[in-house]
Amino acid sequence: MLNIIQNRKTYFTISSILVALSIASLLIWGLVPAIDFTGGTLMEIEFNTEPIPNIQEIRNLFIVNKDTQVSKEELGEVRVQPIGEKGMLFRFKPISEDTHQEILTLLHENFNPDYPTTTATTTPNVILPIEELKYESIGPVIGQELQKKTTWAIAMVAVCIILYIAWAFRKVSKPVQSWKYGIGAIVALGHDIIIVAGIFSVLGRFAGVEIDVLFVTALLTILGYSVNDTIVVYDRTRENLHRYQGFDFEDIVNRSVNETIVRSLNTSITTLLVLFSVYLFGGASIRNFVLALICGAFVGTYSSIFIASPLLVVWQKLRRR
Amino acid sequence: MPNYSSQKAYTFKMGPRQKLWGAIFLIIILAFLAGLVDWPKGPEPVIGGIRREIKIHLGLDLQGGTHLVYQADVADIPAKDQGSAVEGVRDVIERRVNVFGVSEPIVQTAKVGEVWRVIVELPGVTDVGEAIQMIGETPLLEFKEYDPNAQTELTSEQRYEMESYNTDAKKRAEEILQAIKKEPARFSEIAQEKSEDPVSKEKGGELGWFARGQMVPEFEEAVFEGLEVGEVTQALIQTDFGYHIIKKNDERSIATGSFEVEGQEPQELGGNREVNASHILIRTKSVNDYIKFEDQWKYTGLTGKQLETSRVEFGQNTGAAEVSLLFNDEGKDLFAKITEQNVGNQVGIFLDGFPVSLPTVQEKIPNGKARITGTFNLTEAKELAMRLNAGALPVPINLVSQQNIGPSLGKISVEKSFLAGIIGILLIALFMIIYYRLPGLLAVLALGVYGLLVLALFKLIPVTLTLAGVAGFILSIGMAVDANVLIFERMKEELRAGKPLDLAIHEGFKRAWTSIRDGNISTLITCFILYWFGTSMIRGFGLTLGLGIIVSMFSAILITKTFLKVFERVDIGWLWGVKRNENTRL
């Protein structure tokens, strides 16, 4: 049997360092919000021309061009980012559909000498110089609304889960009250969420990874997953408390963690197997989402074994003092 | 096989083995039915005479298409009518979109706080510009009555502001006039710089050739009577628009005749002269800048929503083109009420916020027939009638968000996620069989049935699968595996403790169940909140994960258990991954 509970100080230290680093990173660098939250326009273009224009050419097209109505004020700061071999991603302020069409025309005119004899959609067999793969323009109001909704959803999930756990463990209120199991699960999941957010804060700073709606979905999923994992371990404690009445609480908890550790690892392994295969072979648009889930599954398993159960013992000892 | 029809008569009692075979039979039937639904070219059941096509509905991110969010401007509408007005917008847009020929469009309304939105999803539509035009060009038709509470006179503040603005304008105009008197050659240069007439400004103030009857009287008097060619006015000319400084460039004779505008009475042209002039305009403000004509009219509830048909007709006396309107029953009653209350008053017909016709009501009109007479020609009347028929909006809408995914990007996503899913499932199957042996193999079979059932549910409900939805489904497979892992670990414990196989299976299930239940309910809570709070993509994720979890509980408890029980007499330790040791007891 592994002495997990007895060595709890080591695990608490590891986790405290990770959480502290994450919080520091979040405070210093923060997260990079995507247009879902700020409002803005995102346009992904694929060039079929050889060679594809370089970033400076594109940038000049947007900013220097005086003949069109696409003005600098209207677009704000234009960010251009190459994607793959032929793709290009543009970001700027939210714009109207008219301006969107103007930009498309501008691109067509500049990179197709035959324009406008081959117009965008009317001639299906002509290879177009430019294909618009993705276009999103989100008004700032919708972004703010989403931010508000998200905060609410996360708070709701946390509260509902504490309530549910307190209820599910109502029959084991000795030596630790059932709502403390709920708090323990929430501390563990807070630990998970903060570390995952911290990782994405670092990724945002150094790899430009943005936080979008999918990331929030991932966080909420991690909530569910982490609690699920913690509950399984707690469930065994609940059962063993009945079976080994009169034994030391610390030993019972340690035994429970040991009895469930194989299951915890196997479940993580199978979940991670799927997540890794989606990460490696799935579409690029959910890659960051899956990465968040992978981090979450990893720290979620860790916290359910090394944080959530040892916390119960700490509380029990504090109470006895 | 037991004879089921005789069960009641002989109070036939099933033994445990019969129950087991019954369960197996049930699982096979379920799997078969689910398989039929899942099969790409499966049957299309005829329900109540309606052929219903069963297929996976792919979200916009997977098949390409357009997602538009419109905000409805309901500020002028009383709170209690807002909901139905926005529903009206929805109906009209849906009709429009159907004309457009989009397969499976989704048009729905959403209220966020105090804001009403209409969300339009057009799968397969990649020419957004055209789609937006089709939806947005739909005219806004309203019948309004005079608002007795509307502001008709300026407040003292507004009057003060207007007067001081106009005094300032006059001062500026005088300064420009003095500058031009000094240097008449710089007229066009100064016009480009200072004129407040946006149309002529760029051309150095030049207005082109015009004859009498085309400009306001004060302006014409100055040009035709007061100025010689090449001369500039020595004093400011004041009109309703503001102060003008005018230069007469040229003059020529034209043949006398009549000047005809389509749809209007022929007009006699004054004199036989035509002039070319330039001007510099400094605008002044008038009462109309503060009190808008449109603001003096109020909402009656009668809008394009209640319109049944509209047609082009010709006025009996004038012969001019008119657009006649026929309201539906609801509109008929409303129109009768409005006309009854406004006998002797005007009722305004507003199109896209502008008055097109202001008829005075002579008597109550009970038959729901109205006509729009205005200054439009036949082509315009036809176009208006056509657009009204396609649906007039009851409230104005603004596009606040749009998303468009190209078809090739969607296709790549589908192929990649499909491949990734298959690889992930194969890896899980491999892991389960290697680690848990016979139970692992049975779990893989059970998971196969689970997959069939979930996909069938997705098709039947139907769930719109987005990329996030696919991720939810894949994650739910992980949860389903977890339930099996929990059961097997428990079972192994019981076996190690020396319990006989059948008892170990039974105990394993019983003890794993509380974990499975509590763990999954907490995830279900998360799914529920995601579905409740989320936008389309997050909702899809919550729904697929939630459905997956519910089916996974069913699968673990019924399907895996039944499969295991079939083998409960095959007591070979190696197959179950346990070294049997009769002496180990807890």
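This report looks at a pocket in chain B and a nonpolar surface patch in chain A of a predicted model.

## The second largest pocket

Let's start with chain B. The second largest pocket holds about 850 Å³ of space, and 28 residues line it.

Helix 13 of chain B is the main contributor, with 17 residues. Sorted by class, the lining of the pocket comprises 22 nonpolar, 4 polar and 2 charged residues.

## A nonpolar patch on the surface

Now over to chain A, where a nonpolar patch lies on the surface. Its members are Ile23(A), Leu27(A), Ile28(A), Trp29(A), Val202(A) and Phe206(A), and together they have about 650 Å² of accessible area.

Helix 1 (8-28) and helix 7 (178-207) of chain A each provide at least two residues of the patch. Helix 1 of chain A gives the most, with 3 residues.

## A closer look at Trp29(A)

Is Trp29(A) buried, partly exposed or exposed? Trp29(A) counts as partly exposed because its relative accessibility is 38%, and that class runs between the cut-offs of 20% for buried and 50% for exposed.

How values were computed:
Residues are numbered from 1 along each chain as its sequence is written. Chains are lettered from A and ligands numbered from 1 in the order in which they are written. This is a predicted model: local features need pLDDT of at least 70, side-chain atom pairs count only at pLDDT 80 or more; totals for chains, interfaces and linings use all residues. Side-chain values use heavy atoms; hydrogens and water are left out. On a 1 Å grid over the protein atoms alone, a cavity is a set of points where a 1.4 Å probe fits but cannot get out, and a pocket is an open set with protein on both sides within 12 Å along at least five of seven lines; lining residues have an atom within 4 Å of a point. Grid points are joined across faces, edges and corners, and a volume is the space filled by probe spheres set on the points. Helices (H or I, at least four residues) and strands (E, at least two) are DSSP runs, numbered from the N terminus. Ala, Val, Leu, Ile, Met, Phe, Trp, Tyr, Cys and Pro count as nonpolar, Asp, Glu, Lys and Arg as charged, and the others, Gly among them, as polar. Patches are made of residues with over 30% relative accessible area and no salt bridge: like charges are joined within 9 Å, nonpolar side chains (Val, Leu, Ile, Met, Phe, Trp, Tyr) within 5 Å. Accessible areas come from the Shrake-Rupley method with a 1.4 Å probe; for residues, only the protein chains shown count as cover. A salt bridge is a side-chain nitrogen of Lys or Arg within 4 Å of a carboxyl oxygen of Asp or Glu. Buried means under 20% relative accessible area, exposed over 50%, partly exposed in between (1.4 Å probe, protein chains only).
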